[in-house]
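Reader: I would like to learn how to read hairpins, sheets and helix packing in a model. Please take one feature at a time.

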Amino acid sequence: MRTSGSTLLLGISLVSFCVTAFTGSKPAPVSSDYFVVDTVARNLIVPWEITFLPDRTMLFSERAGRIRLYRANKLINRTALTLSDVETTKKMGLLGVCVHPDFQRNRYVYLAYNYKNADSNTPLLKVMRYAFERDTLLRPTTIIDGILANQNHTGCRLVFGPDGKLYVTTGDADRPMLAQDLKSLNGKILRLNDDGSAPTDNPFTKSDTARHEIWSYGHRNPQGLAFQPGTGILFDSEHGPSGGDEINQIEKGGNYGWPRIHHRDTAAGVISPLAEYTPSIGPSGAIFYTGDAFPTLRGSLLVACLRGESMANIQVQAGKVVSQGRFLHKQFGRLRTVTVGPDGFIYFSTSQHDPPEGTPRPDYDLILRLRPAATGDLAHSFSGANMMTQPGNAVTTTIGPEALYQQLCGSCHGQNLEGTDRAKGLVTLNNGSTRSAVMHTIRVGMVDKGMPAWEGAISPTDIEKLSDFILSKQKAK
């Protein structure tokens with residue numbers, strides 16, 4: 001679609017917007033508070049990450065297993081890479097992509113994707129390095145491999161830091177206790193040299209009982225990773241259980257609590273989030289805005305939100321969230337990632353091919369672009385609703401069985417055990433089950449179907465209480 005031909009300069013109360021054809025032009029802006037949205041590419045399958053090469057070529061991943069290029073206002077039909085061994089069940093597939101900071105010299109591109117172990121059929125995650133030549137990714141080299149994966153909670157964002165090291169997020173693969181296990185790479189942020197080796201100044205390099213690649217741990221499913229310009233401080237965004245989504249300031253060797261604590265719980269020796277979101281916003285890709293096109297946003301942490309179907313705009317100063325809002329709310333569905341282009345404009349992608357949460361629309365998925373509005377454009381303002389948030393260290397709670405169910409089970413099985421489009425209800429599913437059988441299911445989970453194994457993550461007493469709560473609700477029906 002194209003913008004209308006209206007010449008009306010729209011006022012501050014305007015809330016309409018339009019999607020225009022991408023032309024690459026830079027019209028004279030009306031105000032940095034107003035923008036229009038251009039369609040860059042359509043008919044994609046979950047563009048999971050977007051990055052740019054030094055020559056301004058856009059390079060992006062599709063979760064279906066393709067690396068694509070967009071250059072000179074045109075999507076190149078031939079893929080730069082099509083993976084033959086990628087595993088794409090539910091949230092798995094080709095995920096994070098980043099470019100080496102010395103790309104001009106070495107031509108290195110890094111990517112992460114899921115595959116299945118040929119012997120055990122177990123889903124795994126690996127990070128690979130390729131050389132970019134003649135619009136093709138060649139000569140694959142393994143950077144790190146064998147990280148447990150699952151159809152949910154597989155990570156995996158890749159970012160080079162100002163120190164020249166590669167940072168990698170990993171999910172807990174629906175095995176929550178792995179996030180606290182320093183012998184496991186799951187539920188972590190990893191820090192690697194560009195060849196995959198562990199830097200000698202990582203926090204656990206002198207430990208015989210910890211993986212030396214670990215930078216921080218106790219993460220559930222971190223999908224956003226961004227360094228703050230000027231300070232060099234690392235921040236992540238990650239998904240919580242039934243709410244409890246987080247924005248964290250990442251510290252070397254820090255424990256971020258999952259699954260020992262979540263939502264607004266606290267514990268000694270555990271770092272609380274800067275912001276916690278209940279209900280869930282589903283925070284995904286994140287970046288600090290550094291461009292000149294939108295002075296209003298300069299320094300903001302922008303976070304693409306899946307369940308929240310919006311772009312979060314978060315101001316962080318001195319380790320605190322000082323203000324936040326959102327824009328694009330409920331306009332394009334689930335948003336997967338966001339980045340800043342060499343033109344200073346904001347590029348983001350949709351994630352509607354996301355069973356069971358997303359519902360594909362005609363022409364979806366999309367890569368879209370925000371640019372400043374010009375006279376005659378129908379435009380939209382960055383002014384938007386405030387995000388509901390509470391600091392993670394607000395209270396320490398003693399949680400009852402019903403609240404425990406809502407936090408850990410309700411988002412999938414329904415607030416009243418009635419089921420959702422993500423999972424069956426529990427009222428009839430386990431009807432007639434014994435107490436020991438229900439407890440066993442809670443302990444070991446059904447990981448291949450996306451249900452976490454909660455043994456070790458919650459106490460035996462809480463497992464008993466949760467079982468009794470489920471059984472009592474079944475009897476009441």
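Reader: In the hairpin of strand 10 and strand 11, which residue takes a positive phi?

Author: This is a predicted model. Arg134 takes a positive phi near 50 degrees, in a hairpin with 2 residues between the strands. Strand 10 (residues 123-133) and strand 11 (residues 136-148) run antiparallel and are joined by 8 bridges. Ala131, for one, has Leu138 in strand 11 as its bridge partner.

Reader: In what order do the strands of the open sheet lie?

Author: The order is 20-21-22-23, with antiparallel pairing among the 4 strands. Strand 20 (283-288) and strand 23 (320-327) are the edges, each pairing on one side only. On average, neighbouring strands of this sheet are turned by 25 degrees against each other, direction ignored.

Reader: How many bridges join strand 22 to strand 23?

Author: There are 7 bridges between strand 22 (residues 310-317) and strand 23, which run antiparallel. Val316 stands opposite Val321 in strand 23.

Reader: What describes two packed helices?

Author: The angle between their axes and the distance between the axes. Here, helix 4 (residues 435-444) and helix 5 (residues 460-476) have axes that come within 9 Å and cross at roughly 120 degrees. The two helices are therefore oblique to each other, and their crossing is right-handed.

Reader: Which residues in helix 4 and helix 5 meet?

Author: From helix 4, Arg435, Val438, Met439, Ile442 and Arg443 meet residues in helix 5, among them Ile463, Glu464, Asp468 and Leu471. By class, this contact has 7 nonpolar, 1 polar and 4 charged residues.

Definitions and conventions
Residues numbered from 1 in each chain as written. Predicted model: local features only at pLDDT ≥ 70, side-chain atom pairs only at ≥ 80, totals over all residues. Heavy atoms only, no water. Axes fitted to C-alpha atoms, helices over the stretch in contact; angles between N-to-C directions. Parallel < 35°, antiparallel > 145°, perpendicular 65-115°, else oblique. Left-handed = near helix turned anticlockwise from the far one by under 90°. Contact = heavy atoms within 4.5 Å. Nonpolar A, V, L, I, M, F, W, Y, C, P; charged D, E, K, R; others polar. Pairing = 2+ DSSP bridges.
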